[in-house]
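Please keep the sequence and the model in view while reading.

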Amino acid sequence: MRGVGGRRWRRVAGQIGRSVAVWAVSTATMLVLAGLLPDFQLQSADGDSATRIAVTAALGAGAFGLLSALVWPLLVRLLLLVPALVLGLLVFVLNGSLLLIALRLNPSGRGEVAPETAVAVAAVMSAVASATGGALAVRDDDAYRRRLHRLAARRRGTRPPGPTTPGTVLLQLDGVGHDVLVDAVANGLMPTLARWLAGDRPTHLLTPWRTDWSSQTGASQLGILHGSNHDVPAFRWYEKDTGEVMVCNRPTSAAELQRRAVRHTGDGGLLTMDGASRGNLFGGGADEQALVLSIATRRRNRETRSRAGYFAYFSDPANAVRTAMSFVAEVGRELSQSTHARLTRQRPRVKRGGLYPLVRAFATVVERDVVVAAVMGDLLAGRTAVYADLVAYDEVAHHSGPRGRDAAKVLQRLDRSLALIENVAEHAPRPYRIVVLSDHGQSPGETFHGRYGLTLADLVRAGCGLPVPRRARRTHSGTEARAAVRAALRRPVEEGAEQHRPARHSEPIVLASGNLGLVSFPDVPHRMSKEEIDARHPALLTTLANHPGVGFVLVRSEEHGGLVLGAHGASLSVDQLTDEQGPLADFGAGAADAVRRTHSFPHTADIMVNSWYDPTEGEVLAFEEQIGSHGGLGGCQTRPFLLFPAALSAPVGAGQELAGAEHLHRVLRRWLRESHGPQIPLPTSRQEHAA
């Protein structure tokens, strides 16, 4: 008992010492700022002694610290209905208001500051206090653990002690291909993962897996979390029975896709028992969901819960100020990098102006910080299974290239996030197994528009004999980060351009999903056959199949069933497709199976167009404004990675391939059972082989 009491007193003494040190540093910061800023005064107009000025600063710093600790969480709770991103921008104003109140409460009555100056002073003081507290606690595991426990308790309240069986953390590095990860580890960009993979007896093992034809987050994550991505032919597609364009990162579409997957499998998802879903498109059946797009359109409690992670994070003023400053720095970094790319005439290159610097900063700073904090809270709460998506790399690689310097810097920062999560797991109430995976990779290459001066929609219109705009309109990308920004701003419905409504009902709807294009004729209620298309537009299929920027085309034939068309009249039934010969010969293993499966979907477009692919350089031609793309076949985009603890069973047997997101879902279910995690019932044979 004496030893326990002694440790308790030492902890209390250490905490008091750190608090006094932070107070002293804050006081010194206030004195320095008062000397530098003319609108910030700590003395009367007649002047005061140095001692009195120091006392005024000490009292002001103390009052500001107390108000930040006591009032800030209440302010955040009161602002729960304010859009999350707006709350981040209000951080500085609210901090400045607290400083003004603190100076008014100062017994000396000598503190005075202009409102606009108060914002700057409060921001600097919060940043300095946060840095000082962190520096003092960096070697104190107990202090670090207590701080993280406070974060978890503030978000969910206390929970009883968890079981001693291992929990599982699944961290998705969005868009990081297997080969990119291998090179990043070899080049020292990701030392945490390098340490896990090093030595004769590594703690983790690495293997690639193969996506479906639709190599994008919507299809992959739906399959991983819910066990079925049946009837998801692309990132966006037109459904003739409803007359709607489905877009995977639109909240209403995400909710509908999740509902269909649950109905198809008869199961709630991977995280149904004591699980948490953080920053994902889909919930996976988790009871705890934050920053999940599929619930972003629900009203009342559900809507606020979808954005709860932002408020849990920003309720700590130190977090708010640090993230806000990093946000501004990231915007500046993007402006500098894009300017350098333009001045040096880098090729390929896409426009990175407009709101993109803000979108990038949101993905690489705000989304990352909030999701990582939510995962840390889940670990300290002892949750059984956690799945989180970090979208930073995918957003940057789309515009800077998957192997560019900008993307490499993001990988370094993601590795630091993994190290932080590993550190927190050591303090969790139960052991954890950390699995890191990606949902797809990215393939480099210039855009279809950049190489040929026209979009896929222009080419389709030309093949139909319709007028083509003299100036081609670019197809803007719709990435996960943009959807997250819209949800944070409570503007989840996509902009009007995403509706893709034709000028006349008989004109084709042309949609782009990376280097995969979809053509639909909305006036025909069924999937048109090759014979019907040829009768209406005799030159269309020939124009598409023979264009040098097109790799192959998939259509339905009344005589042959599914038909793959290539250049120079090449034509092959999907039943006869092989990976070794024909139009798919350059696209690698599994391409034929992927095309056959997509052909069977009810909502496959009238015409499916996959871009050209150069197997030597690994390049494709994106139908969107992206120089790193994914969504179709060709190159690294279909080859993501799975990094898992060596203690778990092998994903597949020797000589077998981990193919498809649904297959990966079954592997993860097995690993959860091995860890005595959620008791998820195995799917029936019908469910495993459906679709």
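## Surface and overall fold

The chain has an accessible surface of about 28,500 Å², and 56% of that surface belongs to carbon and sulfur atoms. Accessible areas come from the Shrake-Rupley method with a 1.4 Å probe, and for residues only the protein chains shown count as cover. The model is predicted, so local features need pLDDT of at least 70 and side-chain atom pairs count only at pLDDT 80 or more, whereas totals for chains, interfaces and linings use all residues. Residues are numbered from 1 along each chain as its sequence is written, and side-chain values use heavy atoms, with hydrogens and water left out.

The chain contains 24 helices and 21 strands; these are DSSP runs numbered from the N terminus, helices being H or I with at least four residues and strands E with at least two. Of its 691 residues, 56% count as buried (buried means under 20% relative accessible area, exposed over 50%, and partly exposed in between, with a 1.4 Å probe and protein chains only). Contact means heavy atoms within 4.5 Å. Among contacts between residues at least 6 apart in sequence, 73% join residues at least 24 apart.

## The nonpolar cores

In soluble globular proteins, nonpolar side chains tend to be buried together. A nonpolar core is a set of buried Ala, Val, Leu, Ile, Met, Phe, Trp, Tyr and Cys residues joined through side-chain atoms within 4.5 Å. The largest nonpolar core here has 59 residues, and W213, V595 and L642 have the most contacts inside it. Helix α23 (residues 661-674) gives the most to this core, with 6 residues. Apart from it lies another core of 52 residues, which includes V370, A388, L390 and F641.

Beyond residues up to four places away in sequence, L642 touches several residues, among them L205, V436, L664 and W671.

## Helix α23 and its surroundings

Helix α23 has 14 residues and reaches 20 Å from its first C-alpha to its last, close to the 20 Å expected at 1.5 Å a residue (the expected span is 1.5 Å times one less than the number of residues). Its buried residues include L664, H665, L668 and W671. The elements against which the buried residues of α23 pack include α9 (217-226), β10 (432-437) and β21 (641-645).

L225 is in helix α9 and is buried, with a relative accessible area of 0%. Leaving aside neighbours within four places in sequence, the contacts of L225 include L271, F282, Y387 and H665.

## Salt bridges

The structure holds 28 salt bridges, each being a side-chain nitrogen of Lys or Arg within 4 Å of a carboxyl oxygen of Asp or Glu. In one of them, R597 pairs with D212, the closest N and O atoms being 3.3 Å apart. This pair links distant parts of the chain, with R597 in helix α22 and D212 in the loop between β4 (204-208) and α9, 385 residues apart. R597 is buried at 18% relative accessible area, and D212 is buried at 16%.

The side chains of D523 and R536 also meet in a salt bridge (2.8 Å, N to O). D523 lies in the loop between β13 and α20 (530-536) and R536 in helix α20, so the pair ties together parts that are 13 residues apart in sequence. D523 is partly exposed at 28%, and R536 is partly exposed at 34%.
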